Amino acid sequence: MAFTLCDGVRLHWRLEGAADRPVLVLLNSIGTDMGLWDRTVPLLLPAFRLLRIDARGHGGSDAPDGDYSLAMLAADVVAIMDDAGLPHAAVAGVSLGGMVAMQIALNHPARVTALALICTSATMDPAAWTARIDTVRQQGTAAIADMAVGRFLSPGFAEGHPEVADSLRDGIVRQADTGYAGAGAAIRDMGLVDRIVAIAVPTLVVTAMLDVSTPYAGHGEHLIAAIPGARHVGIDGAHLPPIEAPDGLATALRRFLRADEAVEAAADTLFEAGLVNRRRVLGDAWVERSLDRRTSLTADFQAMITRIAWGEIWGRPGLDDRTRRLIVLAITCALGRWEEFALHVRAGLTQGGFTRDELKEVLMQAAIYAGVPAANTGFAEAQKIIDMLEQDA
């Protein structure tokens with residue numbers, strides 16, 4: 001357990017991971033401590049040395065009275081980096097943490113190598129935050145705990161993980177009123193929106209599909225438009241991806257920060273090789289449609305099948321394309337995978353991969369070894385494809 005004294009305020013931090021890894025600073029949202037990252041840390045430690053910080057007013061750090069500012073919170077992070085012997089680092093922050101990250105990049109640009117801005121914004125509604133701060137100062141954090149947790153997590157995740165929702169709620173209730181209100185003032189008074197155009201480091205903007213606090217529309221989109229060269233990735237979940245979508249968030253961070261550069265380069269090579277085979281077997285038009293339909297949910301799956309199924313298996317020298325096509329027809333017929341069966345029937349007939357007679361013989365063979373009902377459906381599905389091709393001819 002380590003502490004840094006900054007302007008008389010004791011700040012709690014933790015540095016973990018191999019010393020030869022690139023450093024990544026992880027900053028938290030208002031109302032959470034460094035435990036926010038517990039589910040994501042195991043996915044990041046193989047690639048990074050991680051510095052986690054309890055912002056002033058949170059966790060094990062002191063909670064002085066009065067309004068805090070983003071400049072104050074940014075200076076706290078820099079003081080901790082000094083104590084930890086870290087001249088510079090990439091900085092990833094969630095919500096308030098993302099705002100602090102932007103402030104560090106503006107006030108202390110030499111200390112930041114890259115930014116990951118997660119479910120955050122450069123401007124929030126001052127009136128709404130004034131009301132929340134007043135409530136906390138008059139009634140305590142318990143008065144806003146249910147509302148805050150309701151915005152932290154998606155309803156489905158909260159219902160399926162009541163222990164997580166309850167822990168977050170308890171953390172807010174136990175937080176010092178002065179700490180929450182002080183940090184809220186930093187959000188209320190932020191002056192980032194007109195300055196972020198000056199951010200000059202590689203920046204990733206992460207938005208979550210179910211985030212109601214800082215969604216892409218009205219928040220993430222403005223960061224992307226204003227910060228030169230900013231990249232965007234959308235992931236599942238709500239306002240706290242380190243809790244709700246740790247796999248997606250860790251993957252996005254590792255790819256953006258190129259911590260897996262050698263692995264990524266190899267994956268890119270396999271993908272390109274697989275794409276060549278996929279285009280040859282299925283045709284350019286079909287492959288382009290498949291790639292165009294990729295979403296944040298399916299993109300990794302599409303990349304995986306292109307690398308492994310098409311790059312590794314279809315690229316093996318032991319069988320020619322025709323033989324592999326006929327094997328696929330037999331297997332998909334036997335398993336009743338009719339969408340995939342139809343794809344390969346169409347591709348094989350239009351790409352010259354096999355003849356109608358060869359298709360018929362595969363289905364006759366399947367009738368014996370996979371069953372007459374499977375072959376019966378296979379003939380019907382194949383006939384649909386043949387009829388459509390004849391209509392288009």
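Predicted model: local features only at pLDDT ≥ 70, side-chain atom pairs only at ≥ 80, totals over all residues.
Local features were taken only where pLDDT is at least 70 and side-chain atom pairs only at pLDDT 80 or more, whereas totals for chains, interfaces and linings use all residues. Residues are numbered from 1 along each chain as its sequence is written, and side-chain values use heavy atoms, with hydrogens and water left out.

Helix H5 (residues 145–152) and helix H7 (residues 162–174) pack with their axes 9 Å apart and at an angle of about 135°, where axes are lines fitted to C-alpha atoms over the stretch in contact and angles run from 0 to 180 degrees between N-to-C directions. H5 is therefore oblique to H7, given that angles under 35 degrees count as roughly parallel, over 145 as roughly antiparallel, 65 to 115 as roughly perpendicular and the rest as oblique. The contact (heavy atoms within 4.5 Å) involves Ala 145, Asp 146, Ala 148, Val 149 and Phe 152 of H5, together with Ala 165, Leu 168, Arg 169, Ile 172 and Val 173 of H7. By class, this contact of H5 with H7 has 8 nonpolar, no polar and 2 charged residues, with Ala, Val, Leu, Ile, Met, Phe, Trp, Tyr, Cys and Pro counted as nonpolar, Asp, Glu, Lys and Arg as charged, and the others, Gly among them, as polar.

For helix H16 (residues 338–350) and helix H18 (residues 372–392), the axes come within 10 Å and cross at roughly 45°, which means that H16 is oblique to H18. Residues forming the contact include Trp 338, Phe 341 and Arg 346 of H16 and Gly 378, Glu 381 and Ile 385 of H18. The residues of the contact of H16 with H18 divide into 11 nonpolar, 3 polar and 2 charged.

Methods: Helix = DSSP H or I, 4+ residues; strand = E, 2+ residues; numbered from the N terminus.
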